[in-house]
Amino acid sequence: MKYSLLLLFLCVYSSLYSQEKNSRSIVQFSDKLLIRANLIKQSESFLINDDDESTIIEANNTYKIKLSGNYKFLGLSIGFSPNSGNSNFKSKFRNAQLRLFYNQWFQTIEYRKVQGFYQDDFNIGEPVAQFPHFKTTNWTGSTSYIFNPDFSLKHLLSFNEWQVISEGSFVPSINYGSNRLSDFVEDGKYEQNNFDIAITPSYFYTWVIKERWFISSSIAPALGVRFSKEKISGIETEDTFITKALNLSLQFGYTSNDISAGAKFNFDSNAAKENVERNFVNDKSYASIYFGYRFNPPRFIERTADWIEDKIGL
């Protein structure tokens with residue numbers, strides 16, 4: 001974590017003292033609707049420290065599909081794991097995300113639910129322990145500010161802009177939300193309800209290669225506070241403690257007037273120093289390929305977006 005913070009400081013310093021603004025660095029597609037499909041291979045695991053034992057459990061829904069639509073200041077995506085008849089050990093995954101851009105401000109609201117985790121024995125290919133009722137449910141939000149106006153976060157997330165000149169930016173964020181973990185254990189039902197708030201000083205940089213191709217990376221350490229309430233067999237305890245996280249991403253792709261396509265790799269680790277009945281360390285990593293196409297929006301979408309812009313002054 002300390003080396004990540006040092007690297008981030010150097011990136012921020014570079015961002016704050018970068019060259020003067022170049023208005024030609026971003027091409028706008030504000031009048032186009034982009035529809036995108038992602039195929040995601042994801043790994044999600046929990047390290048459970050229970051008394052003197054440590055157990056690693058993983059979700060078994062490795063492939064997910066995400067469908068997204070982005071127009072002007074608004075983006076909406078829905079993700080799910082298709083049913084598979086090839087395994088008796090299934091996990092359920094649901095995800096929905098709303099994105100809002102306003103000038104250099106960026107807001108996200110996300111719902112996420114995963115149920116069904118297993119402890120694998122890689123020698124026999126079967127789980128040695130099953131946690132089919134282990135479930136994690138998240139409602140989260142994030143408010144971010146993009147320091148460099150010549151850097152396009154839309155180019156990486158909503159794809160309704162095109163970064164044509166290499167740029168980077170410091171993007172500090174405030175992350176907040178609730179997380180609920182639940183399972184059935186020997187002593188009855190286990191529940192852990194958490195409310196988190198954290199500061200994330202992230203940095204992004206996009207290298208443009210011959211205008212249409214790009215490589216982008218980011219680093220985002222986070223430090224925050226968790227307010228936790230734990231309940232097992234009717235006995236309830238409360239605690240407050242420090243959390244830390246680290247997110248790393250690498251993305252590369254192709255952009256033209258009509259198409260955005262590419263691949264993204266992401267690693268996200270979250271941990272907390274706590275003295276509770278069960279201590280969880282959550283790691284998520286995924287690789288995805290995506291394809292998006294821009295076209296003129298239907299008239300009713302255009303009218304609705306124009307009406308919202310007029311009413312709230314976007």
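1. Tyr 145 has a relative accessibility of 28% and so counts as partly exposed (buried is under 20% relative accessible area, exposed over 50%, partly exposed in between; 1.4 Å probe, protein chains only). Phe 147, with a relative accessible area of 35%, is partly exposed.

2. The model is predicted: local features need pLDDT of at least 70, side-chain atom pairs count only at pLDDT 80 or more, and totals for chains, interfaces and linings use all residues. Residues are numbered from 1 along each chain as its sequence is written, and side-chain values use heavy atoms, with hydrogens and water left out.

3. Rings of Phe, Tyr and Trp (its six-membered ring) pair if their centres lie within 6.5 Å; planes under 30 degrees apart are stacked, over 60 edge-to-face, the rest tilted. The count is 13 aromatic pairs. One of them is the edge-to-face pair of Tyr 145 and Phe 147, at 5.5 Å centre to centre with 80° between the planes.

4. Phe 159 and Tyr 290 make a tilted pair, 4.8 Å centre to centre and 40° between the planes. Phe 159 sits in the loop between α2 (154-157) and β9 (161-163) and Tyr 290 in strand β15 (residues 278-295), so the pair ties together parts 131 residues apart in sequence. Helices (H or I, at least four residues) and strands (E, at least two) are DSSP runs, numbered from the N terminus. Phe 159 is buried at 4% relative accessibility, and Tyr 290 is buried at 6%.

5. Trp 105, Tyr 145, Phe 147 and Phe 170 form one aromatic cluster.

6. Lys 64 lies over the face of Phe 93, 4.8 Å from the ring centre (NZ of Lys or CZ of Arg within 6 Å of the ring centre and within 35 degrees of the ring normal). Arg 294 lies over the face of Phe 29, at 4.1 Å from the ring centre.
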